[in-house]
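Subject: Structure for your review

Dear colleague,

My notes on it follow directly after.

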Amino acid sequence: IPAQFARLNAKQIPSRAMMLVAGISILVPLVGRTAIGWIVDVTTLGATMLYAFVSAAAYKVARKESRRRESITGALGFCIMLVFGVYLLFPSLFSDATIETETYILFMVWTIAGFFYFRWIISRDHARRFGKAIIVWISLLALVVFMAMIWSSRMDEKITNETIYTVQSYFHGESDPASQSMSEDAFIDEQIQHIHVTNSINTLVVSGLFVLALGAMLINHLSMKKWETKAVKERDEARDVAYRDSLTGTKSKVAFAEYEKHMDELIERGDAGVFSVIVCDVNGLKHINDTQGHKAGDAYIRRASHLICETYKHSPVFRVGGDEFAVVLTGHDFEERDRLLREINEIIDGNIGSGGIVISLGMSDYTRGEDLSFHTVFQRADEHMYDRKRQLKEMGAVTRD
């Protein structure tokens, strides 16, 4: 219903919603006493399922929060509604007139209308508050089929009783003159044909409602699939932006924090395997920024990043600070770690004084049983990096100092 009906008045009462309900309720008696009974039956069924759902939800939340009393009352409420629902939906087990036959067809129409209404809701669900809900679709479809079976059974029972009564009237001479004038065979054939036509109509009605419900369910499922695909794409794009450094194209500091957390979990479980951490610090960046400008400084960082990535082609490279990078060596790069470190250091040594890229690198291996966290390995590599930085400074390299 329109949002304005949800507004509260000065006393914080949803008076507009109350007036709407009252206005609809005033019109209900005009449909007649019999139809009111159908409406009451459908409302009773709906309220029973709703209360059962709320009770189940309360039980689940209470269990999660370890609230014993609410768990018991939630479970009790669900069980009571389950028993009451069986009493309503299986009239033959208790009485012959728990709810009217027409109620079943009305409930099916109401459920199918709910399918289409929910389609309208999810098309405007820009906040993605609803999940796949496939279990809901299957449950509602099963409910429609179940209701259709009960309605069909009740209708068969009704037409059977009417036919038996008509046959009895015929043989007792109490039927209408047109029927009494017919021969027994013709009369019996007419009753059989009447049952056949009625059953065919019932089958068509049930099949039509089932197809309609199935179609609505598939439409809703496809709609939610569309929104889900769009949401996943948006999430992946946002994740890519957050996890990738915009200047260098390497992994970002956010990605490094998550990687460190994952490695800590592996170390705690004893599944970390072998790896090394290399900490890199780009030398002379502040001097370039001060003398040539930040644009030149950014270009210098990109060139440094390129050198690191070209050396460690099989390992993730993270930019963890303005002029700091971290590399985690596994596999081939781990096996060749000493050679690769020696080769990149030779390049850096040759760049001193020539305007080339100068980077201080420190490496440390993970030792199972001794290193209890990823940060321990990183910190040790960081210390080796400062040792290398002092060495490069003695060789004439410009540092941030």
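I begin with Ile359, which, leaving aside its neighbours within four places in sequence, is in contact with Cys280, Asp281, Val282, Asn283, Ala304, Leu307, Ile308, Ile348 and Leu392; contact means heavy atoms within 4.5 Å. Please note that this is a predicted model, in which local features need pLDDT of at least 70 and side-chain atom pairs count only at pLDDT 80 or more, while totals for chains, interfaces and linings use all residues. Residues are numbered from 1 along each chain as its sequence is written, and side-chain values use heavy atoms, with hydrogens and water left out.

Nonpolar cores

Ile359 also belongs to the largest nonpolar core, which has 28 residues; Tyr312, Ile359 and Leu361 touch the most other members. A nonpolar core is here a set of buried Ala, Val, Leu, Ile, Met, Phe, Trp, Tyr and Cys residues joined through side-chain atoms within 4.5 Å. Buried means under 20% relative accessible area, exposed over 50%, and partly exposed in between (1.4 Å probe, protein chains only). Two or more residues of this core come from each of E1, H9, H10, strand E3 (324-329), helix H12 (337-351) and E4. Helices (H or I, at least four residues) and strands (E, at least two) are DSSP runs, numbered from the N terminus. H10 provides the largest share of the core, five residues. Another core, of 26 residues, lies apart from it and includes Phe118, Trp137, Leu141 and Ile150.

Packing of H9 and H10

Helix H9 (residues 285-292) packs with helix H10 (residues 294-311) at an angle of about 150°, the axes being 7 Å apart. Axes are lines fitted to C-alpha atoms, for helices over the stretch in contact, and angles run from 0 to 180 degrees between N-to-C directions. On the H9 side, Leu285, Ile288, Asn289 and Gln292 meet His294, Ala296, Gly297, Tyr300 and Ile301 of H10.

Aromatic pairs

The model has 11 aromatic pairs. Rings of Phe, Tyr and Trp (its six-membered ring) pair if their centres lie within 6.5 Å; planes under 30 degrees apart count as stacked, over 60 as edge-to-face and the rest as tilted. Phe256 and Phe374 are edge-to-face, because their ring centres are 5.9 Å apart and their planes lie at 65°. Phe256 is in helix H8 (residues 253-269) and Phe374 in helix H13 (residues 374-394), so this pair ties together parts that are 118 residues apart in sequence. Phe256 is buried at a relative accessible area of 8%, and Phe374 is buried at 0%.

Phe275 and Tyr366 form a stacked pair, with 4.9 Å from centre to centre and 10° between the planes. Phe275 lies in the loop between H8 and strand E1 (276-282), and Tyr366 in the loop between strand E4 (359-365) and H13, 91 residues apart. Both Phe275 and Tyr366 are buried. One aromatic cluster is formed by Phe256, Tyr259, Phe275, Phe318, Tyr366, Phe374 and Phe378.

Two further positions

Thr48, in helix H2 (residues 33-64), is buried, with a relative accessible area of 7%. Not counting residues up to four places away in sequence, Thr48 touches Met81, Phe84, Gly85 and Leu88.

Glu100 sits in the loop between helix H3 (68-89) and helix H4 (101-122) and is partly exposed, at 41% relative accessible area. Leaving aside neighbours within four places in sequence, Glu100 is in contact with Trp38, Asp41 and Arg154.

Yours sincerely
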